[in-house]
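This briefing is meant to be read beside the sequence and the three-dimensional view. It starts with charged contacts and then turns to the core, the surface and the backbone.

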Amino acid sequence: MELKNGYKITLVDRHSVLDEKSESTIIVKGDLDFTPEEYTITYLEHAGDMAGSITKIRVKKGVHVQVSRSGAYSTDLVLELGKRHNCQYATPYGSLLMGIYTSLVESDMTEQGGCLRFKYSIDIGGGEVTENDLEIIIKKFPDDRGIIDV
């Protein structure tokens, strides 16, 4: 898959495990395919164990999010507001079946970019493991690509 990399994508990832909280921010180049009913964000992971993986985030009608990742750590997470879904997460060491409950989905995306935010909890084996809050900010590069630096 060839990416056009026409957008600056900033991912702010917040996690909470028991009383421990962490936050990380990464900035990548990627694509946004937009229609009024749904849109897809696609980018290539560049760091850590995920390097080389392609991540696609598809949002339907502002309440249904599907996160698909190919590569060594592949997954197909379904996040639907107010619902719990079981999802498979594959690693080089084996697969995990996780329960995903989505408590928030907010989106103000346009063809020029915008913001997607979703909160979800992950449980493994019925016990809650983490609370997660992911905010994705998209900004279209100018046609000359000379103004915005990633």
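Glu 45 and Arg 69 form a salt bridge, with their closest N and O atoms 3.5 Å apart; a salt bridge is taken here as a side-chain nitrogen of Lys or Arg within 4 Å of a carboxyl oxygen of Asp or Glu. Because Glu 45 lies in the loop between strand 3 (38-44) and strand 4, and Arg 69 in strand 5, the pair ties together parts that are 24 residues apart in sequence. The model is predicted, and local features need pLDDT of at least 70, while side-chain atom pairs count only at pLDDT 80 or more, and totals for chains, interfaces and linings use all residues. Residues are numbered from 1 along each chain as its sequence is written, and side-chain values use heavy atoms, with hydrogens and water left out.

**Salt bridges**

- A search of the whole structure finds eight salt bridges.
- In the pair described above, Glu 45 is buried at a relative accessible area of 9%, and Arg 69 also counts as buried at 16%; buried means under 20% relative accessible area, exposed means over 50%, and partly exposed lies in between (1.4 Å probe, protein chains only).
- Asp 133 forms a salt bridge with Arg 117, in which the closest N and O atoms are 2.6 Å apart; since Asp 133 lies in strand 10 and Arg 117 in strand 9, this pair ties together parts that are 16 residues apart in sequence.
- Asp 133 also forms a salt bridge with Arg 14, where the closest N and O atoms are 3.9 Å apart, and this pair links distant parts of the chain, with Asp 133 in strand 10 (residues 127-140) and Arg 14 in strand 1, 119 residues apart.
- Asp 133 counts as buried at 9% relative accessibility, whereas Arg 117 is partly exposed at 23% and Arg 14 is partly exposed at 26%.
- Through salt bridges that share partners, Arg 14, Glu 23, Arg 117, Asp 133 and Glu 135 are joined into one network.

**Nonpolar core and its contacts**

- The largest nonpolar core has 30 residues, of which Ile 9, Ile 41, Ile 57, Leu 116, Phe 118 and Ile 136 touch the most other members; such a core is a set of buried Ala, Val, Leu, Ile, Met, Phe, Trp, Tyr and Cys residues joined through side-chain atoms within 4.5 Å.
- Strand 9 gives the most to this core, with four residues; strands are DSSP runs (E, at least two residues), as helices are (H or I, at least four), and they are numbered from the N terminus.
- Once neighbours within four places in sequence are left aside, Ile 41 is in contact (heavy atoms within 4.5 Å) with Ile 9, Asp 31, Leu 32, Thr 55, Lys 56, Ile 57, Leu 116, Ile 136 and Ile 138.

**Strand 9 and the surface**

- Ser 121 is found in strand 9 and counts as buried at 12% relative accessibility.
- Not counting residues up to four places away in sequence, Ser 121 touches Gly 99, Ile 100, Tyr 101, Glu 128, Thr 130, Glu 131 and Asn 132.
- Ile 124 also lies in strand 9 (residues 113-124), but Ile 124 is partly exposed, with a relative accessible area of 37%.
- Together with Leu 96 and Val 129, Ile 124 forms a nonpolar patch on the surface, with about 210 Å² of accessible area for the three together.
- Patches are made of residues with over 30% relative accessible area and no salt bridge, with like charges joined within 9 Å and nonpolar side chains (Val, Leu, Ile, Met, Phe, Trp, Tyr) within 5 Å; accessible areas come from the Shrake-Rupley method with a 1.4 Å probe, and for residues only the protein chains shown count as cover.

**Aromatic pairs**

- The structure holds two aromatic pairs, one of which is formed by Phe 34 and Tyr 39 and is stacked, at 6.2 Å centre to centre with 25 degrees between the planes.
- Rings of Phe, Tyr and Trp (its six-membered ring) pair if their centres lie within 6.5 Å, and planes under 30 degrees apart count as stacked, over 60 as edge-to-face and the rest as tilted.
- Phe 34 is partly exposed at 27% relative accessibility, whereas Tyr 39 is buried at 6%.

**Backbone at two positions**

- Asn 5 is not a glycine, yet has a positive phi of about 55 degrees; Asn 5 sits in the segment before strand 1 (7-17) and is partly exposed at 24%.
- Lys 61, likewise not a glycine, has a positive phi of about 50 degrees; Lys 61 is found in the loop between strand 4 (54-60) and strand 5 (64-70) and is exposed, with a relative accessible area of 66%.
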